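Subject: The two-chain model, and what turned up in it

Hi,

Here is the structure I promised to pass on. Have a look at it first, and then read on for what came out of going through it.

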Amino acid sequence: MKRRTAAAAGILAVGALALTACSSGGDEPAASGSSGSGDYAGQTLTVMHYEGEDSAMGIAWNKAIDIFEQETGATVNLQTTAFEDLNSSAEQLFDSSDAPDVSEYNKGNGTAGQLASIGVIQNLDKYYDEYGWGDKLASGIDTIAKYDENGVMGSGDWYGVPNYGEFVFLYYNKDMFDQYGLTVPTTMDELESDMQTFVDNGITPLTTSAQEYPMGQLWYQLALSQADRQWVNDYQLYQNPVDWTGKEVTYASSTLQDWISKGYISKDVSGMTAEDAGLQFINGESPMFYSGSWWYGRMLSDITDFNFGITNWPETTLTPGSGGNIWVIPAQSKNPDLAAKFIDITMSPEVQNLLGDSGGLPVAADASQITDPDAQTLISLFNEVNDKDGLSFYPDWPTPDFYGDLNSVMQGLVNGTYDATSANAQLGTYYEDYVSTVQ
Amino acid sequence: MSSSLPLVREQRRKRRPAEAARIPERSGSKLGYWLYFIPGAIAVGIVIFYPLVRNLRLSFFHWKGGRAEEHFAGLDNWIALFSDHEFLQSFRNIFLVVIAMVIIPTLLGLIISALLFDVVGRRFSGKLSSFLRATYYLPQILPIAVAGVMFSWILKPNSDGVLNQFLSAITGSTVEINWLGGSYGTAMGSVMVLMIWIQIGYPIVIFMAALGRVEPQLYEAAELDGANWFQRFRAITLPMIRPEVFVVALTTTIAALKVFAPVFILTGGGPTKSTYVPSFYAYNEFIKGPDKGYAATIASAITIVVFVVAVIFIQVQTRAERKDA
């Protein structure tokens with residue numbers, strides 16, 4: 001797949017359609033809440049998000065702001081921030097007089113779930129009833145919008161509205177595969193055989209990062225390849241205790257340990273960030289990179305001197321992925337009704353189609369509008385996952401600090417501090433320390 | 001030059017009675033002083049004491065944050081703290097941080113400032129000495145985030161890293177040391193080098209300012225008497241700048257106990273949480289942890305240690321001053 005500038009854009013939109021194919025609301029006209037009367041002239045709605053101006057979401061949210069101002073007569077005070085900044089300050093900000101009226105926020109138990117359980121973001125049940133957002137969200141996407149009284153996702157009340165999707169897959173360097181006569185792996189045996197060929201030729205086949213999320217997601221994918229939906233529910237939703245000596249985590253950690261010893265993964269990854277790993281792939285230094293759809297647009301634009309392809313992880317039904325970040329209404333929002341109108345506009349076909357055309361993966365777009373071949377490639381890959389009901393969230397969601405815990409154990413697995421057994425035991429300790437407090 | 005000094009002193013002496021006469025007599029009430037004191041006291045109360053007391057109080061509660069209820073925990077958090085491997089590891093690391101931020105920079109600062117003042121300044125030129133002092137101080141004005149990112153480029157684990165490239169060039173074989181993620185030793189060592197590099201300019205500037213008080217004739221006389229550099233350093237430099245050494249040691253020790261940014265930027269606490277320091281651990285628990293009460297306990301423990309260390313330092317300094325007097 002050669003670089004195509006506009007390509008990334010439409011991709012996910014179609015996939016999202018697959019998600020929403022069974023929903024009743026997907027083809028409905030835009031926001032019912034848009035009166036067009038300008039009844040809110042003189043009012044100001046403070047909107048906060050952390051998307052880049054040129055990103056798919058940034059473009060779409062700007063469009064939503066334009067529509068909102070035209071339809072309501074109100075003015076939007078847009079405040080942009082950084083993902084990490086909001087992640088670390090939302091608890092205080094959303095419960096203060098400086099709180100925005102509506103904000104994009106990270107989903108999952110440890111983030112939106114935590115804020116929901118401590119009353120810092122508002123219950124959106126009445127707005128879901130009023131606007132029918134629930135009908136637009138496919139199962140798997142809507143999981144991240146509901147949280148129970150303990151902040152555990154998947155059940156309880158609505159606290160957020162997801163507008164797009166994301167998932168994790170394997171990026172591969174087609175030119176390097178062709179050079180060594182390799183085919184795209186469809187089984188684990190083929191994948192390991194390919195990796196061995198690269199090692200035999202002095203190339204480390206799989207780049208990743210243990211200082212940040214990529215290796216943790218790889219660990220989770222390996223566990224998912226041995227798991228069923230109930231295991232995901234147990235791990236993410238605490239429906240049953242997780243067996244930290246079970247086949248899922250044992251396979252994941254021991255496979256990684258094996259791959260490190262065989263040189264499939266470099267020991268350097270313990271000191272590498274996600275950016276370092278992505279750049280190794282983009283620079284053509286590494287033939288494979290397992291990471292998320294959020295890299296896709298950048299790959300299309302930054303890879304100029306080789307062809308790359310994408311494929312789902314072999315021999316798995318379940319895949320890391322979910323709805324994207326969600327819109328929430330902080331407890332201290334001064335205009336919650338207007339905020340709900342704004343959210344409804346972000347769900348309108350006009351905004352959702354633009355999101356798809358700009359490289360995002362909308363949840364309520366018109367698939368026929370997406371024609372770019374690169375977009376279609378990504379969407380078809382996403383459809384494969386959704387056809388199997390495969391979205392399985394992310395490994396760090398079970399506890400507020402499991403992201404750091406998982407990264408630290410991955411680092412230990414790489415540098416030899418842990419073997420597979422002790423790595424699982426340590427992860428189990430971190431996990432149980434928190435989960436025992438919410439059960 | 002020197003002959004004019006007594007004249008100046010004489011003039012000052014003569015002016016004193018007139019100046020004193022212009023100061024208004026006290027009204028008999030100390031209310032005026034208290035009026036000046038109140039704004040500062042209110043500010044200190046709001047900014048320092050209220051959060052301090054709140055934080056200490058919170059350390060005796062379990063609290064999920066936000067609008068969640070607080071549940072009294074008694075000494076649970078404090079008991080848990082002393083059996084928490086990550087906390088104990090973070091405190092052990094403080095000793096290494098003190099070496100990197102206090103001991104090495106202070107010792108190097110003493111030697112470098114003495115050399116700059118006594119050797120470079122006297123034998124070459126004051127301008128060269130000032131220039132070198134400024135270059136040592138440069139890392140201090142660099143934002144720590146910039147310094148951290150720059151070091152992370154230098155310390156990249158594979159052959160892309162500048163340090164690995166340099167080592168490869170001088171050894172003639174490929175060096176690929178995983179500085180930040182390979183082991184505790186290399187990661188903590190890297191953090192310490194960053195701290196030393198940033199910190200070194202601070203004592204040099206303070207000590208050189210202090211050395212400005214020393215009459216150059218003292219060094220010249222000692223030199224004529226046959227004292228070598230080390231003897232001049234021990235007999236003149238050290239005693240003259242002892243108060244500044246105390247100040248530098250106190251302020252850098254407090255900074256070391258609270259250190260956060262170098263670890264946050266360079267290693268993120270890794271590998272395997274081995275480079276955690278107390279402030280970083282407290283931050284992590286406040287932002288991402290499930291119990292803000294426990295995070296408050298960590299922060300309170302740091303505060304208590306800083307307070308105790310500061311009191312000890314000040315007492316030692318006071319005793320030394322009394323002895324001199």
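Let's start with a lysine: Lys273(B) counts as buried, at 9% relative accessibility. Keep in mind throughout that this is a predicted model. What does a lysine like that pair with? One partner is in its own chain: Lys273(B) makes a salt bridge with Glu86(B), with the closest N and O atoms 3.5 Å apart. Lys273(B) sits in the loop between helix 13 (261-266) and helix 14 (278-288) of chain B, and Glu86(B) sits in helix 4 (residues 85-124) of chain B, so the pair ties together parts that are 187 residues apart in sequence. Glu86(B) counts as buried too, at 14% relative accessibility.

The other partner is across the interface. The side chain of Lys273(B) also meets that of Asp405(A) in a salt bridge, at 2.3 Å from N to O. As a reminder, side chains of opposite charge can pair when their charged atoms come close.

That brings us to the interface itself. How many salt bridges does the rule find between chain A and chain B? There are 4 across that interface, along with 15 residue pairs in polar contact, both residues being at pLDDT 80 or more. On the chain A side, the elements that give two or more residues are helix 3 (83-93), helix 4 (109-117), helix 12 (274-282), helix 17 (402-415) and helix 18 (420-438) of chain A. Which of them gives the most? Helix 17 of chain A does, with 6 residues. Sorted by class, the side of chain A that touches chain B has 8 nonpolar, 17 polar and 8 charged residues.

In terms of extent, 33 residues of chain A are in contact with 28 residues of chain B. The area buried between the two chains is about 2200 Å², and carbon and sulfur atoms give 43% of that.

Now for the rest of chain B. Another salt bridge there joins Arg232(B) and Asp118(B), whose closest N and O atoms are 2.9 Å apart. Arg232(B) is in helix 11 (residues 229-240) of chain B and Asp118(B) is in helix 4 of chain B, so this pair ties together parts that are 114 residues apart in sequence. Are these two buried or exposed? Both Arg232(B) and Asp118(B) are buried. Note that helix 4 of chain B carries Glu86(B) as well as Asp118(B).

Residues 293-314 of chain B are 100% helix and 0% strand, and the end C-alpha atoms lie 31 Å apart. Residues 137-155 of chain B are 84% helix and 0% strand, with 22 Å between the end C-alpha atoms.

Within it, the side chains of Asp302(A) and Arg298(A) meet at 3.2 Å, N to O. These two are 4 residues apart in helix 13 (residues 296-302) of chain A, which means they are separated by about one helical turn. Asp302(A) is partly exposed, with a relative accessible area of 36%, and Arg298(A) is partly exposed as well, at 28%. Over all chains, the structure holds 14 salt bridges.

Leu381(A), in helix 16 (residues 373-387) of chain A, is buried, with a relative accessible area of 6%. Leaving aside residues up to four places away in sequence, Leu381(A) touches Phe167(A), Phe169(A), Ile310(A), Thr311(A) and Asn312(A). Its C-alpha atom is separated by 10 Å from that of Ser293(A), 88 residues apart along the chain.

Then there is helix 14 (residues 336-346) of chain A: 9 of its 11 residues are buried, so it is largely enclosed by the rest of the structure. Among the buried ones are Lys341(A) and Asp344(A), as well as Phe342(A) and Ile343(A).

Cheers

Terms used:
Residues are numbered from 1 along each chain as its sequence is written. Chains are lettered from A and ligands numbered from 1 in the order in which they are written. This is a predicted model: local features need pLDDT of at least 70, side-chain atom pairs count only at pLDDT 80 or more; totals for chains, interfaces and linings use all residues. Side-chain values use heavy atoms; hydrogens and water are left out. Contact means heavy atoms within 4.5 Å. Buried area is the accessible area (1.4 Å probe) that two parts lose on being put together, summed over both. A polar contact is a pair of N or O atoms within 3.5 Å; within protein, one must be able to donate a hydrogen and the other to accept it, and residues adjacent in sequence count only if both atoms are side-chain atoms. Ala, Val, Leu, Ile, Met, Phe, Trp, Tyr, Cys and Pro count as nonpolar, Asp, Glu, Lys and Arg as charged, and the others, Gly among them, as polar. Buried means under 20% relative accessible area, exposed over 50%, partly exposed in between (1.4 Å probe, protein chains only).
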